[in-house]
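Please read the points below alongside the sequence and the model. They take up one backbone feature, then the symmetry, the chain contacts and the DNA surfaces.

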Number of protein chains: 2
Amino acid sequence: MRRDIFQAIADPTRRAIIALIALQAMTPNSIAENFDMTRQAVSKHLRILTECELLKQEQKGREIYYSLEINKLKEIDKWLNQFRKIWEDRFNQLDQVLSIAKNKKK
Amino acid sequence: MRRDIFQAIADPTRRAIIALIALQAMTPNSIAENFDMTRQAVSKHLRILTECELLKQEQKGREIYYSLEINKLKEIDKWLNQFRKIWEDRFNQLDQVLSIAKNKKK
DNA sequence: TATATTTGCAACCTATTGGTTTCGTAAAAA
DNA sequence: TTTTTACGAAACCAATAGGTTGCAAATATA
């Protein structure tokens, strides 16, 4: 199925799951309680998130704890990096314009 | 159709378009030359990107120049912010572990 | 004016997505 | 041991996504 991280975070439910388990690991049942859909539907999202390594599982008896692989999220950050330079440049240009305006005032 | 920015960047073609026009504005035809699909298919992507305000259009005669609204990309960055604190904390924890290990060596 | 170019839009088609219900299995509890 | 609980997997379904072809309209060019 070759899912990538950008597809993974495209779905609002999945983004909510990510935010939900960011601080502590949770089981599918307790995660599903927070959404207006069946446990199985939530489980599908968990599978997708796990497949692209955004989540990791830890089995504890019959329960499975899902937690966030925070490092994987940095890949989004990495993709943004190529544009960060551009928006900083724009900001500096704006800054220059403003300081020129300022000098004119003087 | 209510598309959001996360859906917009989920498609690899759209991410390529974003990267392509990041530095200079381009017309649909010249953008489409870079892809292995019809001009109309590319135009659909342009429409989606424009609808969620990632691109803006500028008409010049019969040509339309598309350029990137770099500020809109910052919304992704903003979403990442809530996790940035977590990954920095993790890093600091690791840092602490390392410095403790170091002290033990002494 | 007649023709070519650039573009958007609509109709259409297939694959994928995101949900459902139903089921099987393993672990825990009674 | 029997029953309950936690979970994943499979079959199914409607809506959407992402591509296509075929137009029409506006601008530029001959």
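**Notes on the model**

1. Glu53(A) counts as partly exposed, as 14 other C-beta atoms lie within 10 Å. The cut-offs, for C-beta atoms placed from the backbone, are 20 or more others within 10 Å for buried, 12 or fewer for exposed, and partly exposed in between. Glu53(A) is not a glycine, yet its phi is positive, at about 65°. Most residues other than glycine have a negative phi. The loop that holds Glu53(A) runs between H4 and strand E1 (55-60) of chain A. Helices (H or I, at least four residues) and strands (E, at least two) are DSSP runs, numbered from the N terminus.

2. This is a predicted model, in which local features need pLDDT of at least 70 and side-chain atom pairs count only at pLDDT 80 or more, while totals for chains, interfaces and linings use all residues. Residues are numbered from 1 along each chain as its sequence is written, with chains lettered from A and ligands numbered from 1 in the order in which they are written.

3. Chain B has a positive phi at Glu53(B) as well, about 65° and again not at a glycine. Glu53(B) sits in the loop between H4 and E1 of chain B. It is partly exposed, with 13 C-beta neighbours inside 10 Å.

4. In chain B, strand E1 (residues 55-60) and strand E2 (residues 63-68) pair in the antiparallel sense over six bridges; pairing requires at least two bridges found by DSSP.

5. How are chains A and B related? Chain A superposes on chain B by a rotation of 180° with 0.0 Å of shift along its axis, at an RMSD of 0.1 Å. The copies are thus related as by a two-fold rotation axis. Ala10(A) has the C-alpha of chain A that is nearest the axis, at 3.0 Å.

6. Between the chains, 18 residues of chain A contact 18 residues of chain B, a contact being C-beta atoms, placed from the backbone, within 7 Å. Helix H1 (5-8), helix H2 (12-21) and helix H5 (70-105) of chain A each give two or more residues to its side. H5(A) gives the most, with eleven residues. That side of chain A has twelve nonpolar, two polar and four charged residues. Here Ala, Val, Leu, Ile, Met, Phe, Trp, Tyr, Cys and Pro count as nonpolar, Asp, Glu, Lys and Arg as charged, and the others, Gly among them, as polar. The copies meet through the same surface, because 100% of the interface residues of chain A are also interface residues in chain B.

7. DNA strand C is surrounded by 23 residues, the closest being Thr38(A), Ala41(A), Gly61(A), Thr27(B) and Asn29(B). A residue is near a strand if its C-beta atom, placed from the backbone, lies within 6 Å of it. Elements giving two or more residues are helix H4 (39-51) of chain A and, from chain B, helix H3 (28-32), helix H4 (39-51) and E2. H4(B) gives the most, with five. By class there are six nonpolar, ten polar and seven charged residues.

8. DNA strand D has 21 residues around it, with Thr27(A), Asn29(A), Thr38(B), Ala41(B) and Gly61(B) the closest. Two or more residues come from each of helix H3 (28-32), H4 and strand E2 (63-68) of chain A, and from H4 of chain B. Six of the residues are nonpolar, nine polar and six charged.

Conventions:
Least-squares fit on C-alpha atoms with pLDDT ≥ 70 in both. Contact = placed C-beta atoms within 7 Å.
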